[in-house]
Amino acid sequence: MSGTRQRGKLLSDEVGPAISILNNPVMSNILVVDDHPLMRFGLQLQIKEIFPDYNVHLAASYDEALGLLASSESPMELIVLDIVIPKGQGIHMVEELKSKYPITKILIFTSKDEEFNAPLYLQAGADGFLNKMAQQEEFTKALTVVMRGNRYLSMRMQEFYLFESGALRKYQESEYDLLSNREKQILNYILEGRQIKEISYLVDLKQSTVSSFKDRILRKMRVSNTIELVNKMNSLYNRGIF
């Protein structure tokens, strides 16, 4: 995946000088949304080093971010968004922001697991996803790629999904086929509406172990909560897979 691509394609290689591509006098605002003060101010300093002509606004919660977006005289060109923030709504934040501000780009910058969350948030409309463990140079690259109008995933994640879509997907009809027998057993109890405590008794496992199984099930099924899991299983059932 090299060279410049059109919007909607991944770009994670050479990005060149950042400032030369950003000369729009109208859109000169970037919003950082993170509930940790040191992270907010650190990102503000780093972004100002990359884009010194931009105003970098800070918000500690989703409600505060919405307030800044609504009161801003000119649109935000980019939102750097953590997905675990006060009043946050996970994927629905991205969907709402893209609905209200379709030209605003969104870079998810979070400590949450990339393999599970990245595809969900990109599908919801995010323009990039990066884990907070990334090096400063990679954050600079991600920021610049997204500001250019391309989508960003780390090289590690691109390689992961290339493998998954090629070598792995050839041997399965659906995500359900990836589940172990124990995971399928626990999934059936979840679909019956049973809680973790009850399931742990039925399968004779600790509640913490059942919770770990549930997390793996959600990850393998590419959903973020029980409601989405139920909806997906209904879809597989209607297709005759489950």
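A salt bridge is taken here as a side-chain nitrogen of Lys or Arg within 4 Å of a carboxyl oxygen of Asp or Glu. The model is a predicted one, in which local features need pLDDT of at least 70 and side-chain atom pairs count only at pLDDT 80 or more, while totals for chains, interfaces and linings use all residues. Residues are numbered from 1 along each chain as its sequence is written, and side-chain values use heavy atoms, with hydrogens and water left out.

By the salt-bridge rule, the count comes to nine.

| Pair | N to O distance |
|---|---|
| Asp82 and Lys132 | 3.0 Å |
| Glu96 and Lys100 | 3.1 Å |
| Glu183 and Lys220 | 2.9 Å |

Helices (H or I, at least four residues) and strands (E, at least two) are DSSP runs, numbered from the N terminus. Asp82 and Lys132, whose side chains meet in a salt bridge, link distant parts of the chain, 50 residues apart: Asp82 lies in the loop between β3 (76-81) and α3 (91-100), and Lys132 in the loop between β5 (128-131) and α5 (136-147). Relative accessible area, computed with a 1.4 Å probe on protein chains only, sorts residues into buried (under 20%), exposed (over 50%) and partly exposed in between. Both Asp82 and Lys132 are buried.

Glu96 and Lys100, by contrast, both sit in helix α3, four residues apart, which is about one turn of the helix. Glu96 counts as partly exposed because its relative accessibility is 23%, and Lys100 is also partly exposed, at 48%.

The side chains of Glu183 and Lys220 also form a salt bridge. This pair again links distant parts of the chain, with Glu183 in helix α7 (residues 181-191) and Lys220 in helix α9 (residues 207-220), 37 residues apart. Glu183 has a relative accessible area of 2% and is therefore buried, whereas Lys220, at 27%, counts as partly exposed. Salt bridges with shared partners also join Asp34, Asp82 and Lys132 into one network.

Helix α5 has 12 residues and reaches 17 Å from its first C-alpha to its last, close to the expected 16 Å, where the expected span is 1.5 Å times one less than the number of residues. Its buried residues include Phe139, Ala142, Leu143 and Met147. Among the elements covering the buried residues of α5 are β1 (29-33), α1 (37-50) and β4 (105-110). After α5 comes Gly149, with a positive phi near 95°.

Notes. Contact means heavy atoms within 4.5 Å.
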